[in-house]
Amino acid sequence: MASAFLGPLQFQAVTFNTSWSNWLAVATLSITLTIILKARSKDIPWMLASGCIAYGASLWGGAVFGIALGAFIGAFAVGIFSNLYARMMKSPALIPSLPGLVVLVPGSKIFILLNRAISGQEQFAGDQLGQQAFLVFMSLVAGIIFANVITPPKRSL
């Protein structure tokens with residue numbers, strides 16, 4: 001019906017520049033988390049920086065060392081940044097670390113795994129995806145532990 005009014009339709013591929021849009025999405029997520037968590041106005045730049053540091057470090061680490069070590073490097077960078085924040089601002093290190101860790105958690109992979117398994121869309125090696133998600137989770141924990149060893153916060157919370 002549309003072709004009768006508009007003529008023949010031409011397919012036009014859409015190009016999407018992911019280099020800047022991913023950074024915009026990370027910044028939007030970090031700002032949204034500050035709103036949801038009702039952060040103080042003086043903590044907003046720190047929380048935004050934490051999300052960007054997490055994404056940048058994990059992107060670099062993933063390109064150089066692979067996805068699991070990329071998550072470790074991202075969590076390590078967020079942990080060091082949060083502990084330095086805690087020392088300078090005399091606030092809990094959890095404030096800036098939360099947006100950074102939310103950026104690093106591989107929840108989308110688990111969602112895709114469960115969605116495909118429930119709907120039965122296709123046959124795939126789901127155990128590999130689950131193992132990869134588990135490995136990323138363990139890398140996040142190890143990164144935070146190593147960061148606390150390198151730069152321990154003055155007070156714990």
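Tutor: In helix 3, the residues that count as buried (under 20% relative accessible area, with exposed over 50% and partly exposed in between; 1.4 Å probe, protein chains only) are M47, S50, G51, A54, Y55, A57, S58 and G61. This is a predicted model, in which local features need pLDDT of at least 70 and side-chain atom pairs count only at pLDDT 80 or more, while totals for chains, interfaces and linings use all residues. Residues are numbered from 1 along each chain as its sequence is written, and side-chain values use heavy atoms, without hydrogens and water.

Just after helix 3 comes G66, with a positive phi of about 110°.

D43 pairs with R40 through a salt bridge (a side-chain nitrogen of Lys or Arg within 4 Å of a carboxyl oxygen of Asp or Glu), the N to O distance being 3.0 Å. By this rule there is one salt bridge in the count.

Helix 4 (residues 67-89) passes the same kind of length check: its 23 residues should span 33 Å at 1.5 Å a residue, and the end C-alpha atoms are 32 Å apart, which agrees. K90 follows helix 4 and has a positive phi near 55°.

The axes of helix 4 and helix 5 (residues 94-104) come within 8 Å and cross at roughly 170° (lines fitted to C-alpha atoms over the stretch in contact, angles from 0 to 180 degrees between N-to-C directions). The pair is therefore roughly antiparallel (over 145 degrees). On the helix 4 side, A71, G74, A75, V78, F81, S82 and Y85 meet I95, P96, S97, G100 and L104 of helix 5.

T151 belongs to the segment after helix 7 (126-150). T151 counts as buried because its relative accessibility is 13%. Apart from neighbours within four places in sequence, T151 is in contact (heavy atoms within 4.5 Å) with G79, I80, N83 and R87.

Conventions
Helices (H or I, at least four residues) and strands (E, at least two) are DSSP runs, numbered from the N terminus. Angles under 35 degrees count as roughly parallel, over 145 as roughly antiparallel, 65 to 115 as roughly perpendicular and the rest as oblique. The expected span of a helix is 1.5 Å times one less than its number of residues.
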